[in-house]
Amino acid sequence: MSQQAQRKSQSGAQRRLARKEAAQKRERQKRLMQMVVGAGIAAVVVAALLIFLNRPDNGGTADYSGIAFAAPAAVSAGGATPAVASPDAADVNGPATGAVLGDPNAPVTMIVYADFQCPFCGQFAREIQPKIVDDFVREGKVKLEFREFAFLGGNDLTDDSNESAQAAEAVMCAAEQDAYLPYHDKLYANQSGENQGAFNDGRLKGFAKDLGLDTGQFNACLDSGKYEPAIAQMKAEGEAQGITATPMFVINGQVTSLSQQGYDLLKKQLDTAYEQAT
């Protein structure tokens, strides 16, 4: 091979080597950039995770501190109830008045009809009710009244296997120990399907123990069934108002339900009711 051919061959090899090294350099830069971007994303994710983990946590419940509260009428009466409401009862403030949260003189009353087994009721209690409490109840504009509408467990409210009715009775028993709201929130935090044993008597009594209640008193209350008439009254009054599912609400006499707009629509309705009442 001539010297000229050798020089050309060497020059071609050098160019190929240079191209190879350049390609390797670009690949290293690409990998480095991917690592930097990946590390940046990871840092953002970690930061977001830390913020999430360290955020104030109220367990998906409202802050009730400093807000007036009254136990259900049947609890205040020691379990006694007036004559059972007739199917055509129309008085939303009838004998089965439920627990009331908020200023008793608030211009707007929002009655909440709910079944503790209802998943949408759980969503309302965990996600929307705290907003209503903060925006309206704490401001003295609205008072919430909780009516137990036990229907998912069946028509026989005296059956101890009716989890809707038993849960409703249990929250009344908790109210005897000034624990209606904690027990109410405990139930919604422990939903697990409908009629699947989530609210059998053993678990209901366990919730009372978790909350530090006098379990002897609570268990005796639940076993007695003394609040069955009150639960029946609430259901009868709800049906008379046109309640057909849960959650449904009566805002100053107007029946409404939870739509896809969620809190936004309820907020508008509460604002309108307040404006009309003041």
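1. A contact, as the word is used in this note, means heavy atoms within 4.5 Å. On that basis, among contacts in the protein chain between residues at least 6 apart in sequence, 77% join residues at least 24 apart. The model under discussion is predicted.

2. Overall composition. The protein chain contains 9 helices and 6 strands. Of its 278 residues, 40% count as buried. The chain exposes about 14,600 Å², and carbon and sulfur atoms supply 52% of that area.

3. The sheet. The order β1-β2-β4-β3-β5-β6 describes an open sheet of 6 strands with mixed pairing. Its edge strands are β1 (69-70) and β6 (254-257), each of which pairs on one side only. Within the sheet, strand β2 (residues 99-101) runs antiparallel to β4 and is joined to β4 by 3 bridges. Strand β3 (residues 108-114) pairs with β4 in the parallel sense over 7 bridges. The pairing of β3 with strand β5 (residues 248-251) is antiparallel and extends over 4 bridges.

4. V100 has E145 of β4 as its bridge partner. Y113 stands opposite R147 in β4, and V112 stands opposite F249 in β5.

5. Strand β4. Of the 7 residues of β4, 7 are buried, so the strand is largely enclosed by the rest of the structure. V142, L144, F146 and E148 point one way from β4, while K143, E145 and R147 point the other way.

6. R147 lies in strand β4 (residues 142-148). Is R147 buried or exposed? R147 counts as buried because its relative accessibility is 1%, the limit for that class being under 20%. Its side chain makes a polar contact of 2.3 Å with the side chain of E145. A second polar contact, of 3.0 Å, joins the side chains of R147 and E237.

7. In soluble globular proteins, nonpolar side chains tend to be buried together. In this model the largest nonpolar core has 61 residues, and those with the most contacts inside it are M110, I132, L144 and Y183. The largest share of this core, 9 residues, comes from α4. Apart from this core lies another, of 6 residues, among them I111, F149, I243 and M248.

8. Surroundings of Y183. Leaving aside residues up to four places away in sequence, Y183 touches A170, V171, A174, L204, F207, A208, L211 and F218.

9. L204 in detail. L204 is found in helix α6 (residues 201-210). L204 is buried because its relative accessible area is 0%, again with under 20% as the limit. Which residues does L204 touch, not counting residues up to four places away in sequence? They are Q166, A167, A170, Y183, L187, F199, F218 and L222. As for K186, the C-alpha atoms of L204 and K186 are 9.7 Å apart in space, and the two residues are 18 residues apart in sequence.

10. The ends of α6. N200 caps the N-terminal end of the helix, with a side-chain oxygen 3.1 Å from the backbone nitrogen of G202. After α6 comes G212, whose phi is positive, near 75°.

How values were computed
Residues numbered from 1 in each chain as written. Predicted model: local features only at pLDDT ≥ 70, side-chain atom pairs only at ≥ 80, totals over all residues. Heavy atoms only, no water. Helix = DSSP H or I, 4+ residues; strand = E, 2+ residues; numbered from the N terminus. Buried < 20%, exposed > 50% of the residue type's maximum accessible area, 1.4 Å probe, protein only. Polar contact = N/O pair within 3.5 Å; in protein donor to acceptor, adjacent residues only side chain to side chain. Areas by Shrake-Rupley, 256 points an atom, 1.4 Å probe, with all protein chains shown as cover. Core = buried A, V, L, I, M, F, W, Y, C linked by side-chain atoms within 4.5 Å. Pairing = 2+ DSSP bridges.
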